[in-house]
Amino acid sequence: MFERIDYYAGDPILGLVDKFVADSNPNKVNLGIGIYYDKVGNMPVLDCVKTAEQRIADPISPRPYLPMAGLPGHRKGCQNLLFGKDTQVLKDGRVATIATLGGSGALKVGAEFIHEWFPQSKCYVSDPTWSNHIAIFEGCDIEVGEYPYYDKATNSIRFDDMISFIEKLNKNDVVLLHPCCHNPTGMDLTQEQWDKVLDVIKQRELIPFMDIAYQGFGDNMDSDAYAIRKAVDMGLSLFVSNSFSKNLSLYGERVGGLSVVCPTADEAERVFGQLNFMVRRIYTSPPSHGGRVVDIVMNDEQLHQQWVGEVYGMRDRIKAMRMKLKSVLESNLPDHNFDYITHQNGMFSFTGLTPEQVERLQSEFGVYMVSNSRMCVAGLNVNNVDYVANAMVEVLKV
């Protein structure tokens, strides 16, 4: 009965991990998957998380089902982080928020909601974007297109082309946006550019869907949410998916959130009900452990401040690795311009390497990055950055 089922080639990024594990090169470096590693190459457990988990474990308690929308404290934590504590939009009750299975789960529920209630809408993502954006929306039977974003030749944003494209979209079309730390390019819009994009979205009556998975890794917690808060100030209705995988280092716990900003509290209540219904049909309720960690850390003032400091420590280490990588590359290839490395934000860098050069890095040096040249800068540390930089020099030599 399954003889006509197609083979699944696997996810290219997760498949890269398998190749890395099988590689016998003692100097191998994994710069493929988007995971933050510390200065000695280990995935950290944040001190604030350790404290929260100690509270959860003392005493060890039963594990009942959570509400479909997740823990109230988890939802409140998402709202305060994204929109600002005690802001008017929250006081007015105009934001419907649910806890989700990571950022991917938030995107999935949001896409299902859009397909249900805006069936004629198309979704437009940046060229390039995280490949799962396309897969998730297409998996919900939503047609997906691309808007211009990145210019490989100049390592810059095609902003004028982006604006011209968005100006031609139809009412209620969805524009998926990265508020900070664009994945995969690391190239972010300025605040002035965000203002112009949001003006066009408002004029065209489009639906902005903001996906923020790296809040705190760009500039700071507030600046990284500029686009979200500006959209709210402009009176826009919007979807926001957020993830705690990176900034709480809780990858396997699958903790995220979906928030929908509505014109009125009544509409928010109805949207909240429909989001619950979506969850019931897909997975019934989110997992409890990660949600409880988020609840504790986000709503304990002392732990929250500790967490912010730890995130900024991760942010600063990534920036230091960008500086070091750029320095070594410039000293060996003075005719090349590597300014883009430090102009980019967050965990990722588009290196500009060709697929053939990326393959050489893997086969000759054991340095793994995605074939489109996306490198996870967070995989660099003081012990491997020179090795990686010199390997890049070798494949870049003409």
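Predicted model: local features only at pLDDT ≥ 70, side-chain atom pairs only at ≥ 80, totals over all residues.

A search of the whole structure finds one cavity of 30 Å³ or more. A cavity here is a set of points, on a 1 Å grid over the protein atoms alone, where a 1.4 Å probe fits but cannot get out. Grid points are joined across faces, edges and corners, and a volume is the space filled by probe spheres set on the points. The largest cavity comes to about 30 Å³. Its lining consists of Tyr147, Tyr149, Met162, Leu177, His178, His182, Leu189 and Trp194, where a lining residue has an atom within 4 Å of a point. By class that is six nonpolar, two polar and no charged residues. In this scheme Ala, Val, Leu, Ile, Met, Phe, Trp, Tyr, Cys and Pro count as nonpolar, Asp, Glu, Lys and Arg as charged, and the others, Gly among them, as polar.

Residues are numbered from 1 along each chain as its sequence is written, and side-chain values use heavy atoms, with hydrogens and water left out.

Now the pockets. A pocket is an open set of points with protein on both sides within 12 Å along at least five of seven lines. The largest pocket has a volume of about 580 Å³. Its lining has 28 residues, and Gly34, Ser104, Trp130, Tyr214 and Lys246 lie nearest the centre. Helix H1 (12–22), helix H5 (102–117) and helix H6 each supply at least two residues of that lining. Helices (H or I, at least four residues) and strands (E, at least two) are DSSP runs, numbered from the N terminus. The lining of the largest pocket divides into 13 nonpolar, ten polar and five charged residues.

The second largest pocket has a volume of about 470 Å³. Of its 22 lining residues, Phe118, Ser237, Val261, Pro263 and Glu267 are the closest to the centre. Elements giving two or more residues to this lining include H5, helix H8 (191–204), strand E9 (238–243) and helix H10 (265–282). Which element gives the most? That is H10, with four residues. The classes in the lining of the second largest pocket are 15 nonpolar, three polar and four charged.

On to the packing. The largest nonpolar core has 104 residues, and Phe83, Leu248 and Trp307 touch the most other members. Such a core is a set of buried Ala, Val, Leu, Ile, Met, Phe, Trp, Tyr and Cys residues joined through side-chain atoms within 4.5 Å. Buried means under 20% relative accessible area, exposed over 50%, and partly exposed in between (1.4 Å probe, protein chains only). Helix H12 (residues 301–332) provides the largest share of this core, ten residues. Setting aside neighbours within four places in sequence, Leu248 is in contact (heavy atoms within 4.5 Å) with Leu46, Cys48, Val49, Val294, Val297, Met298 and Trp307.

Cys48 and Trp307 turn up again where two helices meet. H2 and H12 pack at an angle of about 145 degrees, with their axes 8 Å apart. Axes are lines fitted to C-alpha atoms, for helices over the stretch in contact, and angles run from 0 to 180 degrees between N-to-C directions. From H2, Asp47, Cys48, Thr51 and Arg55 meet Leu303, Gln306, Trp307 and Glu310 of H12. These divide into three nonpolar, two polar and three charged residues.

Is Asn242 buried or exposed? Buried, at 2% relative accessibility. Not counting residues up to four places away in sequence, Asn242 touches Cys78, Leu82, Gly102, Gly103, Ile212, Gly256 and Gly257.

Last, the backbone. The Asp58 to Pro59 peptide bond is cis, with omega near -5 degrees, and Pro59 sits in the loop between helix H2 (47–57) and helix H3 (72–83). The bond from Asp127 to Pro128 is also cis, with omega near 5 degrees; Pro128 is in the loop between strand E3 (123–127) and helix H6 (131–139).

Two residues other than glycine have positive phi: Asp86, near 60 degrees, and Ser373, near 85 degrees. Asp86 is exposed, with a relative accessible area of 54%, whereas Ser373 is buried at 2%.
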